[in-house]
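The following questions and answers examine a protein model together with its sequence. Please keep both in view while reading.

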Amino acid sequence: SCDVKFRPISVQFGHLSRRAPSWKTMSWQVYIDDTLLGAKPKCIAKAAIFGKDSTQWATSSGFQVSSQEVQDIVHGISREQSSFHESGLKLSNEKFTVVRVDPDLQVVYGRRGKDRGCCCQLTGKAVVIAVYEAGMQAGQCNNRVQKLVEYLKDQGL
């Protein structure tokens with residue numbers, strides 16, 4: 001199981017005020033480092049959070065997802081699921097076969113070979129991207145991304 005607990009934003013970011021910081025000024029890197037990559041069990045190798053406008057908010061070291069790749073994810077989930085299945089998706093210039101697109105949950109699952117894959121899910125304003133590798137469980141990766149997305153949606157993001 002992949003238990004992820006979120007601390008209140010004001011505590012998580014060390015702010016003294018009780019008011020949560022604006023989504024434009026807050027540090028997104030803690031979500032990558034602590035919530036996606038740092039939580040146990042280790043089920044995500046690389047991760048990134050982008051705005052739906054394809055601006056990078058945070059990413060793990062060496063994971064270079066292009067703005068075009070983010071635009072393709074947003075477009076594929078939101079509008080063109082059939083062409084998304086045909087063309088696949090790219091992350092950091094690596095092609096993944098689209099296994100499933102769920103427009104209701106706004107998520108896409110991809111595979112690369114027999115032991116690597118990805119989960120990309122949209123919130124109202126963001127795209128959360130995670131990649132798992134050999135020895136990591138796809139279901140745990142997907143669960144962790146979904147929990148972060150639910151949390152961000154609850155925060156109005």
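Q: Which residue in β5 does Thr97 stand opposite?
A: This is a predicted model, in which local features need pLDDT of at least 70, side-chain atom pairs count only at pLDDT 80 or more, and totals for chains, interfaces and linings use all residues. Residues are numbered from 1 along each chain as its sequence is written, and side-chain values use heavy atoms, with hydrogens and water left out. β4 and β5 (residues 107–112) pair in the antiparallel sense over five bridges, where helices (H or I, at least four residues) and strands (E, at least two) are DSSP runs numbered from the N terminus, and two strands pair if DSSP finds at least two bridges between them. Within β5, the residue opposite Thr97 is Arg111.

Q: Which residue in the hairpin of β4 and β5 takes a positive phi near 55°?
A: Most residues other than glycine have a negative phi. The hairpin of β4 and β5 has four residues between the strands. The residue with a positive phi near 55° in this hairpin is Gln106.

Q: What is the bridge partner of Leu91 in β4?
A: Strand β3 (residues 89–91) and strand β4 (residues 94–102) run antiparallel and are joined by three bridges. These strands form a hairpin with two residues between them. In β4, Leu91 is partnered by Glu94.

Q: Is Ser92 buried, partly exposed or exposed?
A: Ser92 lies in the loop between β3 and β4, and its phi is positive, at about 55°, although it is not a glycine. Buried means under 20% relative accessible area, exposed over 50%, and partly exposed in between (1.4 Å probe, protein chains only). At 22% relative accessibility, Ser92 is therefore partly exposed.

Q: Is Ser54 buried or exposed?
A: Ser54 is placed in the loop between β1 and β2. Its phi is near 75°, a positive value in a residue other than glycine. With a relative accessible area of 11%, Ser54 is buried.

Q: Which strands stand at the edges of the sheet?
A: Seven strands form an open sheet with antiparallel pairing, in the order β2-β1-β7-β6-β5-β4-β3. Each edge strand has a single partner, so one side of each is left without a neighbour in the sheet. The edge strands are β2 (56–59) and β3.

Q: Which residue of β7 is the bridge partner of Cys120?
A: Strand β7 (residues 126–132) is joined to β6 by six bridges, and the two run antiparallel. The bridge partner of Cys120 in β7 is Ile129.

Q: Which residue does a cis peptide bond join to Lys40?
A: Most peptide bonds are trans. At this cis bond, omega is about -5°.

Q: How many charged residues are in the lining of the largest pocket?
A: A pocket is an open set of points on a 1 Å grid over the protein atoms alone, with protein on both sides within 12 Å along at least five of seven lines; lining residues have an atom within 4 Å of a point. The largest pocket has a volume of about 170 Å³, a volume being the space filled by probe spheres set on the points, which are joined across faces, edges and corners. Of the 13 lining residues, the closest to the centre are Asp72, Phe84, Ser87, Gly88 and Leu89. With Asp, Glu, Lys and Arg as charged, Ala, Val, Leu, Ile, Met, Phe, Trp, Tyr, Cys and Pro as nonpolar, and the others, Gly among them, as polar, the lining has two nonpolar and seven polar residues, and the charged residues number four.

Q: What volume of space lies in the largest cavity?
A: A cavity is a set of points where a 1.4 Å probe fits but cannot get out, and a search of the whole structure finds one of 30 Å³ or more. Its lining consists of Leu105, Val107, Tyr109, Cys119, Gln121, Asn142 and Gln146. The space in the largest cavity is about 30 Å³.
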